[in-house]
Amino acid sequence: MMSGGGYTSIDNQKVSGSVPAATGPDPAAVRFTDSNLQTFPPSETQGKISAVFRPPQDADDTFSRPGKGAKGSSDESGQATGWFSMFSVAAYKPYFDVDTSDVVERIRDSLFPFKDSFNEKTTDNPDLYGPFWICTTLIFVAAAIGTFVTYLAHKWQKKDWNYDINLITWSAGLFYGYVTVVPLGLYLILKYFSAPSGLVQLFCLYGYSLFVFIPASCLSIVPIEIFRWVIAGVAGFMSATFVAVNLRAHIVSSGERWFLIVAGIFLLQLALAVVLKLYLFTITVSSH
């Protein structure tokens with residue numbers, strides 16, 4: 001061993017760093033038992049950093065989850081099915097999926113009552129958009145025209161006139177109630193006679209059948225009583241024929257009673273025209 005300048009050197013030995021290499025037999029290998037621990041959270045990446053960020057499996061992905069009514073989504077939770085689906089907005093979206101050309105074409109078909117192609121055209125996509133706006137428009141048009149006709153009648157006879165707000169509420173109850181209760185009742189009757197029809201399709205048929213009463217209401221402004229009766233009769237006949245003709249082919253399958261059902265549908269639609277004439281376009285001028 002030599003020392004000089006404050007350094008010490010070791011002769012004839014191979015060293016690694018400052019610690020001499022160990023010599024002798026290899027130490028015995030130590031084996032560990034398999035661990036039962038699991039990687040958490042269990043995911044495909046197994047704790048590794050992936051190129052694309054993904055939230056943990058237990059994260060709240062409510063806003064990124066497709067809606068129950070979306071196409072291709074699976075109903076994993078089992079909710080909003082059966083009768084409960086009628087309380088969800090998504091259940092009614094298909095019945096408002098129409099454009100202007102569809103509504104115009106169906107309105108045009110309702111003005112040609114002897115053609116029985118309406119049901120065939122709306123079998124796959126009956127809508128509630130057109131019936132809703134037809135009924136709403138008819139309510140305000142009938143109330144407005146009836147009020148205006150009454151106003152003119154009072155002014156011509158120089159009588160005081162007061163606006164009757166009941167015309168709006170009465171017409172709303174009449175038309176909304178009619179296009180709801182009558183198709184629902186007809187649906188139950190057809191189901192009883194083993195000739196069931198789609199409920200939404202009946203709503204669609206009856207809703208469009210009321211369109212003819214809109215121009216009839218506008219023509220009722222003419223101050224001639226017999227003319228108003230003719231207009232109401234023609235509108236009622238067209239509307240009743242439109243409904244009866246389009247349901248006839250379907251109701252025939254119910255047996256011999258089909259004629260009674262069609263006749264009842266026809267007369268009920270005529271009765272609506274008579275009620276419309278008597279309560280909205282019959283002018284009475286008060287004496288005071």
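**View 1. S209, a buried residue of helix α5**. S209 has a relative accessible area of 2% and is therefore buried (under 20% relative accessible area; exposed is over 50%, partly exposed in between; 1.4 Å probe, protein chains only). S209 belongs to helix α5, residues 199–209 (helices are DSSP runs of H or I, at least four residues, numbered from the N terminus). The model is predicted: local features need pLDDT of at least 70, side-chain atom pairs count only at pLDDT 80 or more, and totals for chains, interfaces and linings use all residues. Residues are numbered from 1 along each chain as its sequence is written, and side-chain values use heavy atoms, with hydrogens and water left out.

**View 2. Surroundings of S209**. Leaving aside residues up to four places away in sequence, S209 touches S239, F242, V243 and Q269 (contact: heavy atoms within 4.5 Å). The side chains of S209 and Q269 make a polar contact at 3.0 Å (a pair of N or O atoms within 3.5 Å; within protein, one must be able to donate a hydrogen and the other to accept it, and residues adjacent in sequence count only if both atoms are side-chain atoms).

**View 3. Aromatic pairs at F132**. The structure holds seven aromatic pairs (rings of Phe, Tyr and Trp, its six-membered ring, with centres within 6.5 Å; planes under 30 degrees apart are stacked, over 60 edge-to-face, the rest tilted). F132 and W133 are edge-to-face because their planes lie at 75°, with ring centres 5.1 Å apart. F132 and Y176 are stacked, 6.5 Å centre to centre with 15° between the planes. This pair links helix α3 (residues 129–156), which holds F132, to helix α4 (residues 166–192), which holds Y176, across 44 residues.

Key. Helix = DSSP H or I, 4+ residues; strand = E, 2+ residues; numbered from the N terminus.
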